Amino acid sequence: MYKRVLLKLSGEALAAGRGFGIDAVFVHRIAEEIAELHASGCQVGIVVGGGNFFRGVAEQAIHMDRVAADHMGMLSTVINAIALQDAIEKQGVQCRVLSAIAMHQVAEPYIRRRALRHLEKNRIVIFGAGTGNPYFSTDTAAALRAMEIKADVLLKATSVDGIYTADPKKDPDATKFDRITYMDIIQRGLRVMDTAAVSLCHDNNMPMLVFSMRERGNILRAVQGEEIGSLVISDKA
């Protein structure tokens, strides 16, 4: 269904419930699913968070300068990107890490045309270091990169199976949306992703599919058009 996608993975997901660090078994499981997606003929870009090591807005950053804390968070995403790259390449798939912060010994610098060339050569591209700027989350980086590479859809893999009226882990009466607009997300105050990312997707008509990554094979199902998760669209004409 989709020919080119941008997959957003949270850093916490790579910790697989441990809270900190990287769960090697889970990372290799995700790498297998990404390799299956790639084998289906889909071009894949990935943005990964860094919350399993450090988040600039988390309790661990209290009393820190926001810019310094955000830079630490960006470096955390590069650690995750390298770990994911290694796991993907063990699946026999070429993969490149492009970093928005220059660190030539471990990653290529992010250049949009270079990213597009890698995708055209059938390589998976992982975008590290967020946008390279403080005060912007990796959700915003995912929205930005999705538009820069002209992805057909932004895939947000989470720990729940879609968007709900409330947190389904806390509210048993929460109901799921199969389809919702970005304006509805803003008006309802739903914490799907930060407001900057939602606005960016809305303004540029970038569809987003929010789904659970807990069930094996869901990434491929999402790309093949199966009705899973929640589809978010812009209500702009």
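**Local features of the predicted model**

A polar atom of the S234 side chain lies 3.0 Å from the backbone oxygen of H202, a polar contact in the sense of a pair of N or O atoms within 3.5 Å, where, within protein, one must be able to donate a hydrogen and the other to accept it, and residues adjacent in sequence count only if both atoms are side-chain atoms. The model is predicted, so local features need pLDDT of at least 70 and side-chain atom pairs count only at pLDDT 80 or more, whereas totals for chains, interfaces and linings use all residues. Residues are numbered from 1 along each chain as its sequence is written, and side-chain values use heavy atoms, with hydrogens and water left out.

The side chain of S234 also forms a polar contact of 3.2 Å with that of N205. S234 is found in the segment after strand 11 (230-233); helices (H or I, at least four residues) and strands (E, at least two) are DSSP runs, numbered from the N terminus. With a relative accessibility of 14%, S234 counts as buried, the classes being buried under 20% relative accessible area, exposed over 50% and partly exposed in between (1.4 Å probe, protein chains only). When residues up to four places away in sequence are not counted, S234 touches Y182, H202 and N205, contact meaning heavy atoms within 4.5 Å.

Helix 3 comprises 24 residues and spans 35 Å from its first C-alpha to its last, close to the 34 Å expected at 1.5 Å a residue, where the expected span is 1.5 Å times one less than the number of residues. At the start of helix 3, a side-chain oxygen of D65 comes to within 3.1 Å of the backbone nitrogen of V67. D70, which lies in helix 3, is buried, with a relative accessible area of 9%. Leaving aside neighbours within four places in sequence, D70 is in contact with G56, P134 and Y135.

H63, although not a glycine, has a positive phi of about 70 degrees; H63 is placed in the loop between strand 2 (43-48) and helix 3 (66-89), and counts as exposed at 81% relative accessibility. For K150, likewise not a glycine, phi is positive and near 60 degrees. K150 is found in the loop between helix 5 (138-148) and strand 6 (153-158), and is exposed at 59% relative accessibility.
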